[in-house]
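Please keep the sequence and the model in view while reading.

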Amino acid sequence: MSNKSANLTATACGAILAAMCAAPAMAQEVNPPENAPPEIDMENTAFSGDYLSVGAGVAVSPSYTGSDDYVFNALPIVQGSLGGVDISPRAAGLKLDFIQDPAEGVGFDLGVAGRLRSNRAQQIEDEIVEQYGELDRAIEVGPTAGVSFPKVLNPYDSLTVSTDVLWDINGAHDGVVVSPSISYFTPLSRSMIASLSVSAEWADESFQNYYFRVEDADFIGSSVGDMLPEFQPEGSGFTNAGVNLLLGFDLDGDLTNGGLGLIVVGGYSRVLGDAKDTPFTDLRGSKDQFLGAVGIGYTF
């Protein structure tokens, strides 16, 4: 996967199949209201026991964090549950949850997550930023935890609060990133779901220096007139905050029987702090970041 604008992109990409696989929440109501969809026997759905969903999508997102140039990226995704371990997608990565949720009531997540961060490692569209060279890819790994509350506004919805804490183990930024998020999921019909997510990203000083510092010594261009003003980040802090909306459509009209589904995602994020003030954003890019994605997945 190519460069990602911010944690908003990670949230949206990870949601492409996760939301489709949240469909079993429709079966949690014991005494459904008069106009509700019929109660579902979970033993006869595609999501009872082990299952696997695979998918692919195409996203358009900023060339790098803070860029105002947009590029296309392919999004391979895997989602499922095997041997009691839940598998959820992350942007260029995966999350493993080792705690199974109960049939009723509050559910807890605890596991590990990992992702490949390719910010400014390729597809640098700005000709001035490109002259500061490509960065190494970071491999980020660490714990993830969350809690889910079912039946918040209707018998079939859920609200999930989660956080990933990831360290770079590849010697790129050598820092730590904390990514909290809140997601609300609800089915709109038996064939359509919606998911609204709010997310943010906090990073330590090492991360901020690696991606947002501007030094004359890093300039590899031939014209001194192309050099940007030097910039030294102030330290750790939030790099972005954003929101995205996902809509999912089951192609045979029944979310619970697996098969093919389509996803549409739209999102917006705002870069913050040093990510906003660096000349890579302030002079050459934009504080406003947008995302669009479409995907298709199959559950079996």
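## Terms and basis

A residue is called buried under 20% relative accessible area, exposed over 50%, and partly exposed in between, with a 1.4 Å probe and protein chains only. The model is predicted, so local features need pLDDT of at least 70 and side-chain atom pairs count only at pLDDT 80 or more, while totals for chains, interfaces and linings use all residues. Residues are numbered from 1 along each chain as its sequence is written, and side-chain values use heavy atoms, with hydrogens and water left out.

## A buried ring pair

Rings of Phe, Tyr and Trp (its six-membered ring) pair if their centres lie within 6.5 Å, and planes under 30 degrees apart count as stacked, over 60 as edge-to-face and the rest as tilted. By this rule there are eight aromatic pairs. In one of them, Phe207 and Phe212 have ring centres 6.3 Å apart and planes at 65°, so this pair is edge-to-face.

Phe207 is buried at 2% relative accessibility, and Phe212 is buried too, at 3%.

## A tilted pair between strands

The rings of Tyr268 and Phe290 have centres 5.3 Å apart and planes at 50°, so they form a tilted pair. Tyr268 belongs to strand β11 (residues 259-271) and Phe290 to strand β12 (residues 288-299), so the pair ties together parts 22 residues apart in sequence; strands here are DSSP runs of E, at least two residues, numbered from the N terminus. Tyr268 is partly exposed at 29% relative accessibility, and Phe290 is partly exposed at 45%.

Methods. Helices (H or I, at least four residues) and strands (E, at least two) are DSSP runs, numbered from the N terminus.
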